[in-house]
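Please read it alongside the display.

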Amino acid sequence: IMAEGAGAGPRLAELLAVGRRLWEEVENGAEPSSGAPAVQDKVRQGLEALQRAATMVAQLDLFSENEELEEIASADLKYLLLPALLGSMTLKQVDMSRRLEHLESARAHFWRFLKLCRSYGLGKFHLPPAAAGSPGEEDAESPAPRGPAAAQANLVAMAMSRQAKIERHNQKKELENRLASMRTCVESGQADEDQIREFYILQIQKWINTSLEEIESIDQEMVILRSRATAKQSSAPPHGPARPARTPLKPFILTRNAAQAKVFGAGYPGLPTMTVDDWYEQRGKQGVVSAQTVPQRAPGVTDEEMQKQQQEKKEEEDDEEALQKARNWDDWKDTHPRGYGNRQNMG
């Protein structure tokens, strides 16, 4: 079946042309940022056109893995590029919240393109695994080697991979030069069928190299994104009832009784005052201090009596020298106001 001969052929060709043109404008555009609204509008329009074209190709059943390359009409070869163009355009989206989703979608497009190309014998390459992290078709049945032999095999594989990259790069440059020399002739309509066929096959081979490079880059980026997501999950606090936020404490002066509160309140109007019992009661309401920690007293005992009992008990336990020192300190406080001798803030 030829796309040009089908009823929807011209429309299919137009969709491919629009998608290809938008891809080239985004790829070679002069915008300083790929996240610019004008660029992302082109990306969305290009993806829509290419996706519609790919759907039509599937409905027309243009390609099959059971047929040979010679069975494809020359005019239909260009539609083989649709999955590769879709993968490349998908990568140009800049929504980082969906980056992993876009990477997976682009990789699937590139892989379908490579699988179809290999079934037609277009290029010699190893088909990557269908999903990132899974074994490839060539390695699925053979167990992974271990020990020193595995290390040697890894070194050989790395060397082969590097050599393959160099060969792909050189081949890509050569293909680009050949395509540039043929483009004018084909696009002007002066080329014959053999030249058109060669031009499209060269384009397909160029995109094979691009797809292999993109899949390798995608796999590396996906490893980084997934490791970041794992690190965030491990560092996140465990799910459970949230602890109530504590009310920040304001500065205050603890006093023995209400009389002292009045005195210090008059001397320091900027600082609120409270008794010890008031402080415990306030903290108990806030849930910071439990009821067990509040000091218990006998009923009818005032603050002064409780303080006096504690002082007498302490004086009985202290020796004579400590007792005399405490008495002298009490006498000194009776004749000297709070802050006596502090001249640092005075002129």
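1. The model is predicted: local features need pLDDT of at least 70 and side-chain atom pairs count only at pLDDT 80 or more, while totals for chains, interfaces and linings use all residues. Residues are numbered from 1 along each chain as its sequence is written, and side-chain values use heavy atoms, without hydrogens and water.

2. The chain has 10 helices and 2 strands; helices (H or I, at least four residues) and strands (E, at least two) are DSSP runs, numbered from the N terminus. Their order from the N terminus is α-α-α-α-α-α-β-α-β-α-α-α.

3. Of the 347 residues, 30% count as buried, meaning under 20% relative accessible area with a 1.4 Å probe, protein chains only.

4. Among contacts (heavy atoms within 4.5 Å) between residues at least 6 apart in sequence, 65% join residues at least 24 apart.

5. Helix α3 (residues 82-91) packs with helix α4 (residues 99-119) at an angle of about 165°, and their axes are 7 Å apart. That makes α3 roughly antiparallel to α4, a term for angles over 145 degrees.

6. On the α3 side, the contact is made by P83, A84, L86, G87, S88, T90 and L91; on the α4 side, by R99, H102, L103, S105, A106, H109, F110 and F113. By class, the residues of this contact are 8 nonpolar, 6 polar and 1 charged; Ala, Val, Leu, Ile, Met, Phe, Trp, Tyr, Cys and Pro count as nonpolar, Asp, Glu, Lys and Arg as charged, and the others, Gly among them, as polar.

How values were computed
Axes are lines fitted to C-alpha atoms, for helices over the stretch in contact, and angles run from 0 to 180 degrees between N-to-C directions. Angles under 35 degrees count as roughly parallel, over 145 as roughly antiparallel, 65 to 115 as roughly perpendicular and the rest as oblique. Buried means under 20% relative accessible area, exposed over 50%, partly exposed in between (1.4 Å probe, protein chains only).
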